[in-house]
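Morning, everyone. Please have the model open as I talk. I will go from one part to the next and keep it short.

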Amino acid sequence: MTAYEPTDTVPGGAYDAVVLAGGGARRLGGADKPGLRVGGRALLDRVLTACAGARTTVVVADPRPTPRPVCWAREDPPGAGPVAALDAGLRHTTADTVVVLSADLPFLEVATVRRLLTALRTDGTEGALLTDADGRDQPLVAAYRAPALRRELTALMEAASMSGSAAGGGLTGLPLRRLTAALDLTRVPDPVASFDCDTWDDLAIARARIREHGHVLDEWISAVKDELGIDLDVDTGILLDLARDAAHGVARPAAPLTTFLVGYAAAQGKGGPEAVAEAARKAVALALRWADEDTPGTGSGAKPETPSDAPGPDAAG
């Protein structure tokens, strides 16, 4: 898991998050979409990792085990749609900024949330949302001004009351675009982070992508850190260089054992990224010295050569 900044240092200041995870997943045959796994992690858990900097995170769905504490809410009636779900979640938030996310975003990252918050703060609009590869708005990958959302939710409820439909749950069945159409929005193109898993084909694409050469290592490390509950960012390049030097200069099994010992040493010390880097530096230096000793004529223990003009052992002293 990434080392998260305190909420008061996140671009845009403190924020709350609302994650909508209670849809019917009709195109997945009613499967438990938030629980489907990509890279060994449930889709919902991946989204919760991306918004872990939130002061309060509200998940609108029936409760389930999650890797960190969240607040649970449910729209009334259940299955009433995204606007009703957002209204239910928003009632549990207090921050002026709210990040609103769906629970099926396999490539959402902490950096994505930061970009949205930065865009909202910089442009001074009422919301900042991602657009997908086709340029379409994705209102469930967005950061909003909470007062603006509450204003438009109230307006929709009042309109439903005037039309006589409030008795049936005035927000039931409304598309999110009815809510966001009245907002002043900033659009942030991102075809990757906006990718969602609505179908089995989408899920297969997501699972294949994270196993590509350029992604698999980062994905694996993120999954391991989540599984172990580690909130630490380290320079993986340092550890990979260490593993290479240990394997080449000592023996192949030395690579995993050495990196384990570096981690253990860092935990015994300060425990942060700097401690890992310092322990790795010392281990690399040791591995290089070890390798030097295996090369004839090198290393501190090598026998010095006798200069050609130096007196021989039988010369008179």
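Let me start with a cysteine. Cysteine 51 is buried, with a relative accessible area of 0%. Buried means under 20% relative accessible area, exposed means over 50%, and partly exposed lies in between, with a 1.4 Å probe and protein chains only. Cysteine 71 counts as partly exposed, at 26% relative accessibility. How many disulfides does the structure hold? The count is 0, where a disulfide is a pair of cysteine sulfur atoms within 2.5 Å.

A word on the source. This is a predicted model, where local features need pLDDT of at least 70, side-chain atom pairs count only at pLDDT 80 or more, and totals for chains, interfaces and linings use all residues. Residues are numbered from 1 along each chain as its sequence is written, and side-chain values use heavy atoms, with hydrogens and water left out.

Now the sheet. What is the order of its strands? It is an open sheet of 7 strands, in the order 5-4-1-6-8-7-9, with mixed pairing. Strands (E, at least two residues) and helices (H or I, at least four) are DSSP runs, numbered from the N terminus. Two strands pair if DSSP finds at least two bridges between them. The edges are strand 5, residues 71-73, and strand 9, residues 185-189, and each pairs on one side only. From one strand to the next, the twist averages 25 degrees. Axes here are lines fitted to C-alpha atoms, for helices over the stretch in contact, and angles run from 0 to 180 degrees between N-to-C directions.

Strand 4 and strand 5 are parallel, paired over 3 bridges. Valine 59 has tryptophan 72 in strand 5 as its bridge partner. On its other pairing, strand 4 runs parallel to strand 1, and 4 bridges join them. There, leucine 20 has valine 60 of strand 4 as its bridge partner.

Strand 7, residues 127-131, pairs with strand 9 in the parallel sense over 5 bridges. Threonine 131 stands opposite proline 189 in strand 9. Threonine 131 counts as buried, at 7% relative accessibility. Leaving out residues up to four places away in sequence, threonine 131 touches a list of neighbours that includes Arg136, Gln138, Arg187 and Ser194. Touching, or contact, means heavy atoms within 4.5 Å.

Next, the helices. Helix 2, residues 82-90, is mostly covered, with 8 of its 9 residues buried. Among them are Val83, Leu86, Asp87 and Leu90. What do these buried residues pack against? Their partners include strand 1, strand 4, strand 5, strand 6, and also helix 4 and helix 5.

Then the cores. A nonpolar core is a set of buried Ala, Val, Leu, Ile, Met, Phe, Trp, Tyr and Cys residues joined through side-chain atoms within 4.5 Å. The largest has 29 residues, and Tyr15, Val19, Val59 and Leu101 have the most contacts inside it. Helix 3 gives the most to this core, with 5 residues. A second, separate core has 27 residues, including Ala85 and Leu176.

Last, charges. Side chains of opposite charge can pair when their charged atoms come close. A salt bridge here is a side-chain nitrogen of Lys or Arg within 4 Å of a carboxyl oxygen of Asp or Glu. By this rule there are 16 salt bridges. Arginine 64 meets aspartate 32 at 2.7 Å, N to O. This pair links distant parts of the chain, 32 residues apart: arginine 64 is in the loop between strand 4 and strand 5, aspartate 32 in the loop between strand 1 and strand 2. Are they buried or exposed? Arginine 64 is partly exposed, at 27%, and aspartate 32 is partly exposed too, at 41%.

Aspartate 62 pairs with arginine 74, with the closest N and O atoms 3.2 Å apart. Those two are 12 residues apart in the chain. Arginine 74 is partly exposed, at 29% relative accessible area. Aspartate 134 forms a salt bridge with arginine 136, at 3.2 Å, N to O. Aspartate 134 is exposed, at 59%. Finally, salt bridges that share partners join Lys33, Asp104 and Asp198 into one network.
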